[in-house]
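Please open the model in a viewer and keep the selection panel at hand. The stops below proceed from helix pairs to individual residues.

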Amino acid sequence: LIGDVAEELDDGAIVEVGSDRGEGSTGFLSALANRTGREFFTVDFSSEGFANARGVCGACARQGRGEAFLQERFAHESTSGKIAAAYLDNYDWTFPWTTQMSYKQQQRVDYTAEGLELSNERSRATHLVQAQAVEGRCTERCFVLFD
């Protein structure tokens with residue numbers, strides 16, 4: 001969907017919070033930004049996510065928490081200071097049937113190692129703070145996707 005509407009968006013950067021782990025979103029968004037002449041930033045708190053993003057798009061990758069990047073760094077690092085599209089795919093929601101899955105158990109280990117609590121309450125709170133930070137930097141026609 002975002003690929004279809006990208007040409008209609010105002011000038012501004014594409015921002016991904018939660019770099020991919022091989023699923024392809026970082027590469028897709030980086031290519032979309034290149035195709036439409038936009039800046040692209042992807043930010044991930046984990047070393048794994050950051051390293052993967054560096055391998056996909058190089059200098060577009062940032063390591064840290066998405067809300068901190070959006071609130072404190074984006075305006076200084078972006079040439080436009082505006083966001084045309086944001087993909088907030090981080091602080092994953094834990095559904096009851098996923099708690100014992102190996103990927104979710106690994107996420108819990110990764111979050112704990114970074115001093116973070118993996119919980120649905122933290123997911124809600126983090127996405128709210130990120131949405132508020134994006135809203136303050138959105139262009140008139142801004143696309144925001146939450147995952």
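Axes are lines fitted to C-alpha atoms, for helices over the stretch in contact, and angles run from 0 to 180 degrees between N-to-C directions. Helices (H or I, at least four residues) and strands (E, at least two) are DSSP runs, numbered from the N terminus. This is a predicted model, in which local features need pLDDT of at least 70 and side-chain atom pairs count only at pLDDT 80 or more, while totals for chains, interfaces and linings use all residues. Residues are numbered from 1 along each chain as its sequence is written, and side-chain values use heavy atoms, with hydrogens and water left out.

**First stop: H4 and H6**

Select helix H4 (66–77) together with helix H6 (residues 120–135). Their axes come within 9 Å and cross at roughly 25 degrees. H4 and H6 are therefore roughly parallel to each other (angles under 35 degrees count as roughly parallel, over 145 as roughly antiparallel, 65 to 115 as roughly perpendicular and the rest as oblique).

From H4, Gly66, Glu67, Leu70 and Gln71 meet Thr126, Val129, Gln130, Ala133 and Val134 of H6. By class, this contact of H4 with H6 has four nonpolar, four polar and one charged residues (Ala, Val, Leu, Ile, Met, Phe, Trp, Tyr, Cys and Pro count as nonpolar, Asp, Glu, Lys and Arg as charged, and the others, Gly among them, as polar).

**Second stop: Arg65**

Move to Arg65, in the loop between strand S3 (61–63) and H4. At 33% relative accessibility, Arg65 counts as partly exposed (buried means under 20% relative accessible area, exposed over 50%, partly exposed in between, with a 1.4 Å probe and protein chains only). The side chain of Arg65 makes a polar contact with that of Glu67 at 2.6 Å. A polar contact is a pair of N or O atoms within 3.5 Å; within protein, one must be able to donate a hydrogen and the other to accept it, and residues adjacent in sequence count only if both atoms are side-chain atoms. Leaving aside neighbours within four places in sequence, Arg65 is in contact with Val43, Phe45, Tyr91, Leu116, Arg122 and Thr126.

Select Tyr91, found in the loop between S4 and H5. Tyr91 has a positive phi of about 45 degrees although it is not a glycine, and it counts as buried at 5% relative accessibility. In the loop between strand S4 (83–88) and helix H5 (102–113), select Thr98, which is buried at 4%. Not counting residues up to four places away in sequence, Thr98 touches Tyr103 and Lys104.

Is Lys104 buried or exposed? This residue of H5 counts as buried, at 1% relative accessibility. The side chain of Lys104 makes a polar contact with the side chain of Thr94 (3.4 Å). With residues up to four places away in sequence not counted, Lys104 touches Asp92, Trp93, Thr94, Thr98, Thr99 and Leu118.

**Last stop: H2 and H3**

Finish with helix H2 (residues 25–35) and helix H3 (residues 47–57), whose axes come within 9 Å and cross at roughly 40 degrees. That makes H2 oblique to H3. H2 passes H3 in a right-handed crossing. Thr26, Gly27 and Ser30 in H2 meet Ala53, Val56 and Cys57 in H3, a contact that divides into three nonpolar, three polar and no charged residues.

Conventions. Left-handed = near helix turned anticlockwise from the far one by under 90°. Contact = heavy atoms within 4.5 Å.
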